[in-house]
Amino acid sequence: MSDDLPIAEKRASILERMAGAAKRAGRADRPVLVAVSKVQPDVRIKDMLAAGQKTFGENRVQEAQKRWGETFAAHRDEIELRLIGPLQTNKTEDAVRLFDVIETLDREKLAKALVKAAEKVGRMPRLLVQVNTGQEDQKAGIAPQDVEAFLALLKAEYDIIPEGLMCIPPVDEAASPHFWLLKKLADEHGLKTVSMGMSGDFETAIELGATHVRVGSALFGARDYD
Ligand SMILES: *Cc1c(COP(=O)(O)O)cnc(C)c1O
């Protein structure tokens with residue numbers, strides 16, 4: 001994707017490719033485009049909002065607080081804000097205040113902290129469980145074979161019923177088997193939301209059942225740093 005196209009055109013083109021993928025898969029529903037705004041300059045966020053984008057994903061709580069609690073606070077109520085990066089337990093309360101959805105529930109300790117924060121703040125974001133489909137040591141997430149037990153634990157101990165699952169496949173492997181597995185796990189457990197697919201593979205993810213794709217660089221242009 002050319003980097004010099006206006007944001008609105010980039011977005012229109014991504015939405016068109018998403019619709020094409022959904023059609024190829026014979027899907028009647030409409031996958032949601034999550035605009036990953038991490039480290040993007042304000043002017044690009046402004047253009048994205050002006051283009052009509054309503055769903056945004058952020059990796060870091062502090063960066064998201066600054067962007068959506070200060071710079072673009074006037075727009076906060078019009079958009080859905082999703083945390084897609086790892087959440088430290090000491091940031092849980094801030095995250096519960098700020099986000100509509102937290103996609104990265106990946107351990108019991110965090111579930112406990114979320115419940116405590118939700119009691120204090122008086123709201124609980126919708127939650128997805130992150131699955132480490134590639135079983136990578138350095139990556140967060142519940143191993144596929146532990147998903148069932150983790151869901152049972154969440155329900156029994158914390159009264160948490162997640163809305164769905166998310167994954168970030170290993171960078172050095174074909175993504176399709178990971179997408180296929182995540183969708184299968186979601187179906188097995190009756191979970192409706194499946195967050196998978198990024199700039200390089202969102203069409204494949206949609207063909208394999210993604211309800212939400214998280215697209216950053218293909219939508220906003222390259223990030224200066226990560
Ligand atoms: C950065 C990021 C994305 C978007 O990546 P792009 O390749 O720029 O589309 C999606 N999901 C997560 C979890 C990310 O950290």
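Guide: The side chain of Q145 makes a polar contact with the side chain of Q135, at 3.2 Å. A polar contact is a pair of N or O atoms within 3.5 Å; within protein, one must be able to donate a hydrogen and the other to accept it, and residues adjacent in sequence count only if both atoms are side-chain atoms. The model is a predicted one, where local features need pLDDT of at least 70 and side-chain atom pairs count only at pLDDT 80 or more, while totals for chains, interfaces and linings use all residues. Residues are numbered from 1 along each chain as its sequence is written, and side-chain values use heavy atoms, leaving out hydrogens and water.

Q145 sits in the loop between β5 and α6. Such labels follow DSSP runs, numbered from the N terminus: helices are H or I of at least four residues, strands are E of at least two. With a relative accessible area of 53%, Q145 is exposed. Here buried means under 20% relative accessible area, exposed over 50%, and partly exposed in between, with a 1.4 Å probe and protein chains only. T133 is twelve residues from Q145 along the chain, and their C-alpha atoms are separated by 9.5 Å.

Next comes helix α6, residues 147-158. Its twelve residues should span 16 Å at 1.5 Å a residue, and the end C-alpha atoms are 16 Å apart, so the two values agree. The expected span is 1.5 Å times one less than the number of residues. The buried residues of α6 are V147, F150, L151, L154 and Y158. Looking down the axis of α6, these buried residues fall within an arc of 100°, so they line one face of the helix. The arc is taken from the directions between the helix axis and the C-beta atoms. The face turned away from the buried side carries exposed residues: E148, A149, A156 and E157. The buried residues of α6 pack against β4 (101-105), α5 (108-121), β5 (126-130) and α7 (176-188); contact here means heavy atoms within 4.5 Å.

After α6 comes D159, which lies in the loop between α6 and β6 (164-166). Most residues other than glycine have a negative phi. D159 counts as exposed, at 66% relative accessibility. V39, in the loop between β1 and α2, also has a positive phi, about 50°, although it is not a glycine. V39, however, is buried, at 13% relative accessible area.

Helix α1 (residues 7-24) can be read in the same order. At 1.5 Å a residue, its 18 residues should span 26 Å, and its end C-alpha atoms are 26 Å apart, which agrees. I7, K10, R11, I14, M18, A21 and A22 are its buried residues. Down the axis of α1 they fall within an arc of 110°, so they line one face of the helix. E16, K23 and R24 are exposed on the face turned away from that buried side. The cover over the buried residues of α1 includes β1 (32-36), α2 (42-50), α8 (202-207), β8 (212-215) and α9 (217-220). G26, which follows α1, has a positive phi near 70°.

R11 of the buried set in α1 is also one of the contacts of Q53, along with L33, A35, M48 and I79, once neighbours within four places in sequence are left aside. Q53 lies in the loop between α2 and β2 (55-58) and is buried, at a relative accessible area of 3%. A polar atom of its side chain lies 2.8 Å from the backbone oxygen of L33, and the side chain of Q53 also reaches the backbone oxygen of T55 at 2.8 Å.

The residues around it, each with a heavy atom within 4 Å of it, are V36, K38, N59, I84, I168, M198, S199, R214, V215, G216, S217 and R223. An oxygen atom of the ligand lies 2.9 Å from a polar side-chain atom of N59. A polar backbone atom of G216 is 2.8 Å from a ligand oxygen, and a polar side-chain atom of S217 lies 2.8 Å from an oxygen atom of the ligand. Taken alone, the ligand exposes 390 Å², and the protein buries 88% of that. Accessible areas come from the Shrake-Rupley method with a 1.4 Å probe; for residues, only the protein chains shown count as cover.
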